[in-house]
Amino acid sequence: MTGTTTSKLTPYQQSQIADLRSRYPLEDCVVEVGGRLWKLTIAPDLEPMIASVTTNEELDRFPYGMALWPSAIGLAEYIAEQRELVTGRQILELGCGAGLSGIVAASAGGDVTQTDYLSDILTLATNNGISNGIQTRIETLDWTQGFTGEPFDLVIGADVLYERPLHHHLFTLFPKLIKPGGEIWISDPQRPASQDFFDRCDSAGWKTSVEYREVMWQGKITEIVIYVLTR
């Protein structure tokens, strides 16, 4: 099971996060969700990191998830408000990034597996979970390689539709990821490409409901949409 723990970073994990801090401009921050303050290590500004990218390969593997995106805050808030739908459920987080949404889900009693395809992101999410007394499963998942594991009760993801070429892979994954009667919660900052994706889901028989909310982060208000998909 995952959830609240008193564990601290192991010496190996401490060395991993120290290595991240040496390679990326990371800072510690605090964000309030569900009446609790969450301590997170993030990259507050990606622009200097992007400016240092020199090859397409580096750009393809750029760790966008090291930032804390408004969509992640919005999804975490939604999860905190839907605690009764989270407690006791097996939950998969797609593209976990800094890990806030999955950490909040675990604190609400969910059995959470957080995934990403970049090892540095998984290290960051692990650090952020343990920093808040929360431990989740951490696994590598590359959407382009498919999914052969056991399905989940609930799948969550924040701002995972920013790259249109990945839409096909996610569309193919979705039915494999959830059990019959399961749900998928996706938070998005109303990217134009995202609406095309959800239109495709509607055409394929997914039932979609939406909720709009405003998120304040770094002095800006961003309107977020929470999509709830069921079959």
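Guide: What follows is a close look at one pair of helices. The model is predicted, so that local features need pLDDT of at least 70 and side-chain atom pairs count only at pLDDT 80 or more, while totals for chains, interfaces and linings use all residues. Residues are numbered from 1 along each chain as its sequence is written, and side-chain values use heavy atoms, with hydrogens and water left out. Two packed helices are described by the angle between their axes and the distance between the axes. The pair here is helix H1, residues 11-23, and helix H6, residues 119-131, where a helix is a DSSP run of H or I with at least four residues, numbered from the N terminus. Their axes come within 10 Å and cross at roughly 120°; an axis is a line fitted to C-alpha atoms over the stretch in contact, and angles run from 0 to 180 degrees between N-to-C directions. H1 and H6 are therefore oblique to each other, a word for angles that are not under 35 degrees (roughly parallel), over 145 (roughly antiparallel) or 65 to 115 (roughly perpendicular). On the H1 side, Gln13, Gln16, Ile17, Leu20 and Arg23 meet Asp120, Thr123, Leu124, Thr126, Asn127 and Ile130 of H6, contact being heavy atoms within 4.5 Å. By class, the residues of this contact of H1 with H6 are 4 nonpolar, 5 polar and 2 charged, where Ala, Val, Leu, Ile, Met, Phe, Trp, Tyr, Cys and Pro count as nonpolar, Asp, Glu, Lys and Arg as charged, and the others, Gly among them, as polar. For another pair, the axes of helix H4 (residues 70-81) and helix H5 (residues 100-107) come within 8 Å and cross at roughly 10°, and H4 and H5 are therefore roughly parallel to each other. The contact of H4 with H5 has 9 nonpolar, 1 polar and no charged residues.

How values were computed
Helix = DSSP H or I, 4+ residues; strand = E, 2+ residues; numbered from the N terminus.
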